[in-house]
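Please look at the structure first, then read the points below.

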Amino acid sequence: MVFITGPLFSGKKSTAKSLMHWDDTMLEQNAVWDVEQMVSGCSDLEKLADRLAEKQVVIASEIGGGVVPVDPEQRAQREAAGRLSCLLAQRADTVIRVFCGIPTVLKGEIRL
């Protein structure tokens with residue numbers, strides 16, 4: 001599995017399509033994105049990570065880099081999203097961070 005992460009609107013989907021040589025249809029069939037939103041109400045992040053890791057590409061936005069929310073529930077959701085990203089990175093063969101449209105390989109290698 002390839003795990004792609006980075007800030008909002010940094011080019012994560014475009015990077016996935018380019019690296020995998022996919023069109024929009026192939027992306028929808030073989031990838032899942034916005035996984036940071038799936039942690040809301042999730043009681044078992046390990047199982048969620050296992051299920052997501054079955055896809056070829058998993059894309060998550062980094063959401064913990066801004067102002068810390070006052071609301072405890074929002075803070076917990078951010079924490080869970082960060083933990084999910086860690087679990088996905090552990091399971092991934094390749095981890096890529098995209099920033100300003102530039103992919104940087106953090107783990108593994110890009111296999112074409």
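Cys100 is exposed, with a relative accessible area of 62%; the cut-off for exposed is over 50%. The model is a predicted one.

**Two residues with positive phi**

- Cys100 lies in the loop that runs between strand 4 (94-99) and strand 5 (102-107).
- Although Cys100 is not a glycine, its phi is positive, at about 55°.
- His21 is not a glycine either, and has a positive phi of about 60°.
- The loop between helix 1 (12-20) and helix 2 (24-30) holds His21.
- His21 is exposed, and its relative accessible area is 61%.

- Helix 4 has 20 residues (residues 72-91), which at 1.5 Å a residue should span 28 Å.
- At the start of helix 4, Asp71 has a side-chain oxygen within 2.9 Å of the backbone nitrogen of Glu73.

- Ala80, Ala81, Leu84, Ser85, Leu87 and Leu88 are the buried residues of helix 4.
- Seen down the axis of helix 4, these buried residues fall within an arc of 165°, so they line one face of the helix.
- The cover over the buried residues of helix 4 includes strand 1 (2-6), helix 3 (45-52) and strand 3 (57-61).
- On the face of helix 4 turned away from its buried side are the exposed residues Pro72, Arg83 and Gln90.

Conventions:
Residues are numbered from 1 along each chain as its sequence is written. This is a predicted model: local features need pLDDT of at least 70, side-chain atom pairs count only at pLDDT 80 or more; totals for chains, interfaces and linings use all residues. Side-chain values use heavy atoms; hydrogens and water are left out. Helices (H or I, at least four residues) and strands (E, at least two) are DSSP runs, numbered from the N terminus. The expected span of a helix is 1.5 Å times one less than its number of residues. Buried means under 20% relative accessible area, exposed over 50%, partly exposed in between (1.4 Å probe, protein chains only). The arc is that of the directions from the helix axis to the C-beta atoms. Contact means heavy atoms within 4.5 Å. A polar contact is a pair of N or O atoms within 3.5 Å; within protein, one must be able to donate a hydrogen and the other to accept it, and residues adjacent in sequence count only if both atoms are side-chain atoms.
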